[in-house]
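Here's a quick briefing to read with the model open beside you.

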Amino acid sequence: MDRVQQSVATLELDGAAGRSALVDPFGRAITYLRVSVTDRCDFRCVYCMSENMSFLPKAEILSLEELDRLCSAFVARGVRKLRLTGGEPLVRRGIMTLVEALSRHLRLGALDELTLTTNGSQLAKYAAAIAAAGIRRINVSLDTLDADKFRAITRWGSLDQVLGGIDAAQAAGLRIKINAVALKGVNDDEFPRLIEWAHGRGMDLTLIEVMPLGEIGAGRLDQYLPLSLVRARLAEQFRLEDIDYRTGGPARYVRVAETGGRLGFITPLTHNFCESCNRVRVTCTGTLYMCLGQADAADLRKPLRASEANDLLFAAIDEAISRKPKGHDFIIDRRHQRPALARHMSVTGG
Ligand SMILES: C[S@@+](CC[C@H](N)C(=O)[O-])C[C@H]1O[C@@H](n2cnc3c(N)ncnc32)[C@H](O)[C@@H]1O
Ligand code: SF4
């Protein structure tokens, strides 16, 4: 089968034949779906969760089969990249069943990339199976290489376990990008070390600004560190060369001349990245968020469960995409210390 025949086969399979690709009111094609497969996690990172989080009752959560059907409906409507996230995706029971099921879209040519964002704690266990399912690269979140700081940031995590997971993932042939959240007074002295470590192991590194999502029991102003400042400081020590490299995400990259590696900056607060937004997010309860920074959402669980055919689901997706907003306006300053949104990052997965 050539690529066109394969796409037609996938469309017919999912009942999407004759339906168009998803394009929002601003002309942006929706080709990237991020799926939070669980709201649970084995860490409690200080910027993401409060220590005593309450989680969703199991009955509200989509089964693995339902998640597969939902993702496949988006693939049938033109989504080319799927990212599994969470909470921690690798603590969802049976997660590899979902990964293996979704990988059929890679083999059929309907999907360009299946990937995941993980805290790395379970990678030693799953890396080989992840690679065998056709995942080529993953994002691992790691904010520090200092074991005590790691424990303080994640509350429950073990640095050794995550480093072991990274070793296993590289041994399995997975490419890794490290994501680090920039935290004022916590890891801001460590960025040169993180750069040298990540690049020394052939991994890209992306720094992320703290976003004001969810009540976490601490002031955001205490955590917030503008990356414009970080970049200026790094530029005193490294030669940062602007490059065109884009991964379809919001990161802007430079090449660090001394290491030869790539360094990305995700700056939702200092730079608005919405113009080129190609993505939507769905939670483990089937709630579709059209924008990470806005509260508006659509319930896809109801149409999913209402019928075995996908007509109602496609109608709900179309209606939701017609409401995708132009962008967000996160602000953290002295007057805006409350979360911009009540939901936590672990709901939508970043
Ligand atoms: C919510 S986690 C889910 C996947 C997985 N548990 C992990 O940590 O990689 C996805 C990403 O969001 C980031 N994150 C969580 N809360 C954040 C916040 N308030 N601001 C910026 N990034 C945040 C994490 O550091 C992580 O890189
Ligand atoms: S950032 Fe990821 S690892 Fe940390 S608490 Fe949130 S979901 Fe868990």
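Helix H4 (residues 123-132) and helix H6 (residues 159-171) pack with their axes 8 Å apart, at an angle of about 15 degrees. Keep in mind that this is a predicted model, where local features need pLDDT of at least 70, side-chain atom pairs count only at pLDDT 80 or more, and totals for chains, interfaces and linings use all residues. Residues are numbered from 1 along each chain as its sequence is written, chains are lettered from A and ligands numbered from 1 in the order in which they are written, and side-chain values use heavy atoms, with hydrogens and water left out.

**Helix packing**
- H4 and H6 are therefore roughly parallel to each other (angles under 35 degrees count as that), and their crossing is right-handed.
- Helix H7 (residues 191-200) and helix H9 (residues 227-237) have axes that come within 11 Å and cross at roughly 70 degrees.
- That angle makes H7 and H9 roughly perpendicular to each other (65 to 115 degrees), and H7 passes H9 in a right-handed crossing.
- Axes here are lines fitted to C-alpha atoms over the stretch in contact, with angles from 0 to 180 degrees between N-to-C directions; right-handed means the near helix is turned clockwise from the far one by less than a right angle.
- Helices (H or I, at least four residues) and strands (E, at least two) are DSSP runs, numbered from the N terminus.

- Most residues other than glycine have a negative phi.
- Arginine 155 isn't a glycine, yet has a positive phi of about 65 degrees; look for arginine 155 in the loop between helix H5 (147-154) and H6.

**Ligand 1**
- Ligand 1 is surrounded by 18 residues, each with a heavy atom within 4 Å; the closest are Tyr47, Gly87, Glu88, Ser141 and Met211.
- Nitrogen atoms of ligand 1 make polar contacts (N or O pairs within 3.5 Å): a backbone N or O atom of tyrosine 47 lies 3.1 Å away, a polar backbone atom of glycine 87 3.0 Å, and a polar side-chain atom of glutamate 88 3.2 Å.
- On its own, ligand 1 has 540 Å² of accessible area (Shrake-Rupley, 1.4 Å probe), and the protein covers 94% of that.
- Strand S3 (113-118) and strand S6 (204-209) are the elements giving two or more residues to this shell.

**Ligand 2**
- Around ligand 2 sit Cys41, Phe43, Cys45, Cys48, Met49, Gly87 and Asn119.

Technical notes: Polar contact = N/O pair within 3.5 Å; in protein donor to acceptor, adjacent residues only side chain to side chain. Parallel < 35°, antiparallel > 145°, perpendicular 65-115°, else oblique.
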